[in-house]
Amino acid sequence: MIFLSGRRMVMTFHPVNGVQVLRQHERDLRPQAAILHGDTLWLVEDAGIAVIDLSQGVVTAIRPLPHGAVRAAALVSGGVLFAFADGSLVTIDRAGNAGAHLRLAARIDRLVPGANNLTHAIGEGHLVTLDTPPASGWLSETGATR
């Protein structure tokens, strides 16, 4: 389990080792969950997104964010899916490359990983279920609106 402590500290909790500092970041972080997969850490900064290769110490900064503020994020195959304020969904891989992009009419507030490589994008009055995006684009989209 990882979590933020203050504006620049990323901590990890392990049942045996307890709480430890994973990273002291050089820029202020938004109060959103950090995502760790293997040796790659995705962080949402005030000015963008940072993708960090912890084994090499390499930081890839993605700035500016042309779609507005990050509203939600979820781990998907090949990277992390980010939901932005303008309704855009964008995947960012371990190297910091933007992949699949889709814009929804609704603002998404939560991304929930589901079974069978599905991700559920949830916003007020909207639920959209997406197949995990491949490098070239989205496989399919199904949605419900109330």
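**Salt bridges, strands and burial in a predicted all-strand chain**

Arg23, Glu26, Arg27, Glu45 and Arg63 are linked in a network of salt bridges, a salt bridge being a side-chain nitrogen of Lys or Arg within 4 Å of a carboxyl oxygen of Asp or Glu. The model is predicted, and local features therefore need pLDDT of at least 70 and side-chain atom pairs count only at pLDDT 80 or more, whereas totals for chains, interfaces and linings use all residues. Residues are numbered from 1 along each chain as its sequence is written, and side-chain values use heavy atoms, with hydrogens and water left out.

By the salt-bridge rule the count comes to ten. Arg23 is buried at a relative accessible area of 15%, while Glu26 is partly exposed at 38%; buried denotes under 20% relative accessible area, exposed over 50%, and partly exposed the range in between (1.4 Å probe, protein chains only). Glu45 and Arg27 meet through their side chains in a salt bridge with an N to O distance of 2.9 Å. This pair links distant parts of the chain, with Glu45 in the loop between E5 and E6 and Arg27 in the loop between E3 and strand E4 (35-37), 18 residues apart. Glu45 is buried, its relative accessible area being 1%, and Arg27 counts as partly exposed at 27%. A further salt bridge joins the side chains of Asp109 and Arg71 (2.5 Å, N to O). Because Asp109 lies in the loop between strand E11 (98-103) and strand E12 (110-113) and Arg71 in strand E8 (residues 70-76), the pair ties together parts that are 38 residues apart in sequence.

The chain has zero helices and 15 strands, where helices (H or I, at least four residues) and strands (E, at least two) are DSSP runs numbered from the N terminus. An open sheet of three strands has the order E1-E2-E3 with antiparallel pairing, two strands being taken as paired if DSSP finds at least two bridges between them. Strand E1 (2-5) and strand E3 (18-24) stand at the edges, each with a single partner strand, so that one side of each has no neighbour in the sheet. E1 and strand E2 (residues 9-14) run antiparallel and are joined by four bridges, with Leu4 standing opposite Val10 in E2.

Strand E5 (residues 40-44) is joined to E6 by five bridges in the antiparallel sense, with Val44 opposite Ile49 in E6, and a hairpin connects E5 to E6 through four residues. E6 also pairs antiparallel with strand E7 (residues 58-62) over five bridges, and the bridge partner of Val51 in E7 is Thr60. In the hairpin of E6 and E7, which has four residues between the strands, Gly57 takes a positive phi near 75 degrees. Four of the five residues of strand E6 (residues 49-53) are buried, so E6 is largely enclosed by the rest of the structure.

Of the 146 residues of the chain, 40% count as buried. Contacts (heavy atoms within 4.5 Å) between residues 24 or more positions apart account for 29% of those in the chain with a separation of 6 or more.
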